[in-house]
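Q: I've got a model open and I'd like to learn how to read it. Can you walk me through it?

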Amino acid sequence: MSDTNYARWFGDSALQQVSVGIVTLSPSANLEAVKAGITARVPGVQVYTHEELIAKELAFQQSHPTGPIFGFGTAMGFVVGVVIVYQVLYADVTDHLAEYATLKAMGYSDVALLSVIVQEATILAILGFVPGYGVSLVMYRFLAALTRLELVMQPDVAIAVFVLTLLMCIISAAIAANKLHLADPADVF
Amino acid sequence: MSFNPVILARQVNHTFGKGVLRKPALTDINLEVQTGEIVLLTGPSGSGKTTLLTLIGALRSLQDGSLQIFGQELRDANKRRLMGIRSQIGFVFQTHNLLKCLTAWENVSMSLKLHRHSAQERKMRSLAMLDSVGLAHRANYYPDSLSGGQKQRVAIARALVNHPRLILADEPTAALDSKSGRDVMDLLQRLAKEQGCTILLVTHDNRILDIGDRIVAMEDGRLIV
């Protein structure tokens with residue numbers, strides 16, 4: 001949020017007032033004691049430790065419309081991803097239906113053919129994730145420069161997204177595999 | 001074991017469609033094929049040759065009668081058993097049905113993959129098989145860069161590499177000119193005799209009728225003796 005917007009939201013005087021201050025403690029200080037001391041001596045001030053501030057911020061995001069909207073956007077992205085990957089796999093299975101039927105005629109089991117589709121989905125997931133990760137890094141840097149907020153790609157977030165991507169592709173594979181039943185080995189003659 | 005017939009069909013009937021559209025495709029088929037025989041199945045199109053072939057190949061489920069392949073009854077057999085029987089049969093199709101994304105030797109090795117062989121052995125056997133169909137020099141070519149006759153020879157190599165006990169072929173020469181058709185058939189006959197396997201071949205190509213030990217004719221879903 002720019003300072004102009006901030007002034008619009010909270011009044012012109014808001015820019016003149018100090019609303020947040022940081023107290024840096026030396027490593028040897030007792031965190032709880034300092035916190036209790038500040039609360040007791042300075043009236044009208046709320047004191048949070050680093051962790052508490054993070055929790056408060058996250059709770060604020062959750063209670064505000066912006067947070068759930070972003071969350072919902074992510075969920076929709078997942079659903080759209082499932083549909084798109086399904087379309088890709090479905091088209092591919094359809095293109096190679098005769099080959100799948102030939103393999104069935106040779107004695108390959110449904111499970112073996114299903115594993116081919118799951119492999120394909122996994123490859124799609126990996127190939128999709130790599131450029132996605134790269135674009136995200138660029139976006140993070142761009143937004144960080146724009147907003148002067150610190151945006152860091154955290155490994156656990158990246159891993160969670162990758163696992164979800166994999167899950168998304170495997171769900172698509174499971175739906176696309178239905179098409180395999182149409183590969184009738186009696187048709188290849 | 002080898003005295004038992006490879007194929008033993010008794011009173012096999014098969015119909016397509018339902019209700020008023022019900023149409024018999026096979027009527028009262030009795031057929032016996034002994035080990036090592038080459039049997040040609042001929043007849044006009046629509047006479048049920050392919051239907052019979054797909055029944056024997058365990059690709060279609062049997063509706064009525066009894067059909068034994070390698071002494072195993074196909075009637076009411078479960079999926080697993082059908083798959084087991086299928087993997088002992090080599091199929092040669094009218095169109096080659098090779099996998100486009102694999103090279104010639106990889107296509108041949110696809111049928112070896114079903115049985116537990118090491119990767120090295122698979123490659124060795126595939127290359128040896130391609131050599132015996134005269135295509136050793138094309139082992140690394142993709143099907144798209146092979147001629148029709150060469151593709152069909154790769155398909156034959158694929159069918160034979162497992163040493164199947166039975167080969168089912170449906171008009172393997174239909175898409176070939178007379179010279180390559182003849183070559184393909186001679187090859188199939190020679191290799192089958194070497195391996196001692198049985199062949200049931202559907203054809204209405206008059207040029208290749210002489211390779212069979214026996215010719216069975218079909219018309220309107222019945223065998224003509």
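This is a predicted model: local features need pLDDT of at least 70, side-chain atom pairs count only at pLDDT 80 or more; totals for chains, interfaces and linings use all residues.

Q: What is the radius of gyration of chain B, and what would a compact globule have?
A: A compact globule of 225 residues would have a radius of gyration near 17 Å, and chain B has 17 Å, so the two agree. Along its principal axes, the C-alpha trace of chain B spans about 50 × 40 × 35 Å. As for burial, 43% of the 225 residues of chain B count as buried. Among contacts in chain B with a separation of 6 or more, 72% come from residues 24 or more positions apart.

Q: Now the interface. How many residues of chain B are in contact with chain A?
A: In general, the size of an interface is often given as the accessible area lost when the parts come together. Here we go by residues: 17 of chain B are in contact with 12 of chain A. On the chain B side, α1 (49-56) and α2 (79-86) each supply at least two residues, with α1(B) giving the most, three. That side divides into eight nonpolar, six polar and three charged residues.

Q: And how do α4(A) and α7(A) pack, at what angle?
A: Two packed helices are described by the angle between their axes and the distance between the axes. Helix α4 (residues 66-95) of chain A and helix α7 (residues 155-176) of chain A pack at about 45°, with axes 8 Å apart. That angle is why α4(A) counts as oblique to α7(A). The crossing is right-handed.

Q: Which residues meet there?
A: In α4(A) they include A:F78, A:V82 and A:L89, and in α7(A) they include A:L164, A:M168 and A:I171. The residues of this contact divide into 14 nonpolar, two polar and no charged.

Notes. Residues are numbered from 1 along each chain as its sequence is written. Chains are lettered from A and ligands numbered from 1 in the order in which they are written. Two residues are in contact if their C-beta atoms, placed from the backbone, lie within 7 Å. Helices (H or I, at least four residues) and strands (E, at least two) are DSSP runs, numbered from the N terminus. Ala, Val, Leu, Ile, Met, Phe, Trp, Tyr, Cys and Pro count as nonpolar, Asp, Glu, Lys and Arg as charged, and the others, Gly among them, as polar. The radius of gyration is taken over C-alpha atoms; the globule rule is 2.2 Å times the number of residues to the power 0.38. A residue is buried if 20 or more other C-beta atoms lie within 10 Å of its own, exposed if 12 or fewer, and partly exposed in between; C-beta atoms are placed from the backbone. Axes are lines fitted to C-alpha atoms, for helices over the stretch in contact, and angles run from 0 to 180 degrees between N-to-C directions. Angles under 35 degrees count as roughly parallel, over 145 as roughly antiparallel, 65 to 115 as roughly perpendicular and the rest as oblique. A crossing is left-handed if the near helix is turned anticlockwise from the far one by less than a right angle, and right-handed if clockwise.
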